[in-house]
Amino acid sequence: MKPLSFCLAFLVAFPVLGHEGPDPLGHWTGRSDRVKEGKLMARLGPDGALSFKPRFIKDKSGESLLFEGAKAKCLLAVDFKTVLKSLPREALTISAWVSVNTPREWGGVLGVIQDNGDKEKGWILGYDSSTFYFGLATAGADDGDGKMTYLKAKTKYRLGKLYHLVATYDGEKTKIYVNGKAEASTTAQSGDLLYPEAAPYVLGAYQDSNEFHPHHGRIREVNVFGQAAKAEWVAREFAHNEALATEKWNEVEPSFEVLVDPYLQFATKTSMTVMWHTSLEASSVVRFGPTNACRQTAEGKASAIHEVVLEGLDPETQYFYRVESRTAAGTAYVSEPATFKTAVKEETPYAFAVISDTQGNPKVSGELAKLAWGQRPSFLLHPGDLVSTGKNRDHWLKHFFPGMRPLINHVPFYPVLGNHEQNAKHYYDYVSLPDPEYYYAFDFGNARFFMIDTNQKVDPASVQFKWLEKELSASDAKWKFVCHHHPPYSSDENDYGDLWKSNKGRHGDLRARELVPLYEKHGVDVVWNGHIHSYERTWRVLGGKAVESGGPFYMITGGGGGGLETPAPTRPFFQNNVRRGHHYVMVHVNGGTLELKAFTLDDRLFDYHKIE
Ligand SMILES: [Fe+2]
């Protein structure tokens, strides 16, 4: 008698929805009798194509469709414009019964959305790693390319439990309700709903042109109206099925696993940052101390990507640490103990490894990282292109992090962004660096490192150029090192003009070369670059000429895993040592003496240079 009970609900709702009564545009129920040949048949609105094998979970009075798997979604329309009749225009109500089995930062229940950089249009009912949200863009808040407001509910959801969610928008006010109660509202949006130029209409996923996050959990029912429901209607809708909210958890346990084992970030003389990534939100605890009993405890915010800063440590001291994460349901992950050492004092010798352009080749980058770890560096410098595709989370999970172990759970890595990072959120989620993270500086021993993002502007009027100029002139460090992805000097054969076809090569990245006057003026010793997948060490370069003293050396160490490149056929003025082949570099510093050693993939020394 489901249809009749719904009619009754609507009749009751009639007077409070608005003067013209309810105006249902879409209605889907996750019942097995509504699924035919891979399609979810709508009661109203477009039918949806399921991209996963449907399973159903029974409850006291019905059942839900369980969304699961990496591809899970129900596609209502490839382009929402083909189903405009079924979409709200001026006001809306979305009412849904759903459960979440795996928290996601961007979980989606129902939406039409494009949220890419500043371009923000459409609407979506969804959830983040702890609560529900409703995102909306309207004509009244349009800043030229759309602007979304994400209104978050207060209830922290429990995994596997059904919740009644309602979002309403009446042209002036946006509200979100959980289990019949209004939890948040905003007047940031006004006027007609603002739809993107193109977007899919999707049930059970957050999807726009560059992001896809499948829902894992139940969808029991979803309704879309073209008007804004009043609080009384929402309360009544919830009351109608209230028993669902008190049912026990879903039998289907969410899986809990570690996705990235512990690794280290940003060492100082008195602190170290420990990070790791679990598949669900869980507690963030680090046990540490002078012995592998790890008797001291530091706790960070519960999350999926964990970040705990250990403070008050002694300088150049070895510590042991291990991490623990426990979910609300009590499942735990405990890592093996590992060591780290805090940054050394200025007078103490140290060494660091340089590996760049690791990209999607964990076999080679893993071998290089193992060889580097064998030489016990104090840290790793990474001049960019950590992964092949920054926006692909799997490239971080399956290529970069496994490849860099065990090095990065014993020493911190200091990266800059390469072009392959795509300035992706994953990069910023996984690193812990001083704001704004894309450029920063750090000290180690008697050196100061200046880290720049050459994917962004570096011309003399740019933020980074001005910052660097100020930082370099203020620094009295014994050694000044700069690191950025693109090389100001390179004899690569075809990235900067094809020298096999003409002799008009640019011999390096001209944008990055705009930084060179700063290096020459402020006594930078070595500039570390990647991007070109080969090895190159220059002579000192000053004023566009090779010199014996006074200018910086330029180092390209891009043979960290990415497909190899070949040097140009003839030798440019700056070239000292060039070599095609995968490699890593070790740099040893003792006061005013620096030794640089470059090694092949079979650990053969192929370049040695001493600077005094
Ligand atoms: Fe690159």
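Contact here means heavy atoms within 4.5 Å. The model is a predicted one, where local features need pLDDT of at least 70, side-chain atom pairs count only at pLDDT 80 or more, and totals for chains, interfaces and linings use all residues. Residues are numbered from 1 along each chain as its sequence is written, and side-chain values use heavy atoms, with hydrogens and water left out.

**Domains**

The chain splits into domain 1 (23–201 + 221–246), domain 2 (272–341) and domain 3 (351–611); these bounds come from an automatic or database domain assignment. The C-alpha centres of domains 2 and 3 are 30 Å apart. The size of an interface is often given as the accessible area lost when the parts come together. Here, domain 2 and domain 3 bury about 730 Å² between them, with 53% of it on carbon and sulfur atoms. That figure is accessible area (1.4 Å probe) lost on putting the two parts together, summed over both. On the domain 2 side, M275, H277 and I305 lose the most area to domain 3, together 46% of what that side buries.

**A helix pair**

Helices (H or I, at least four residues) and strands (E, at least two) are DSSP runs, numbered from the N terminus. The axes of α3 (residues 362–374) and α4 (residues 393–404) come within 8 Å and cross at roughly 20°. Axes are lines fitted to C-alpha atoms, for helices over the stretch in contact, with angles from 0 to 180 degrees between N-to-C directions. So α3 and α4 are roughly parallel to each other, the label for angles under 35 degrees. P362, S365, G366 and A369 of α3 meet K398, H399, G403 and M404 of α4. By class, that contact has three nonpolar, four polar and one charged residues; Ala, Val, Leu, Ile, Met, Phe, Trp, Tyr, Cys and Pro count as nonpolar, Asp, Glu, Lys and Arg as charged, and the others, Gly among them, as polar.

Two cis peptide bonds are tabulated here.

| Cis bond | Omega |
|---|---|
| R405 to P406 | near 5° |
| D435 to P436 | about 0° |

P406 is in the loop between α4 and β28 (413–415), while P436 lies in the loop between α5 (425–430) and β29 (440–444). D357, a residue other than glycine, has a positive phi near 55°, and D357 sits in the loop between β26 (350–354) and α3.

Conventions:
Parallel < 35°, antiparallel > 145°, perpendicular 65-115°, else oblique.
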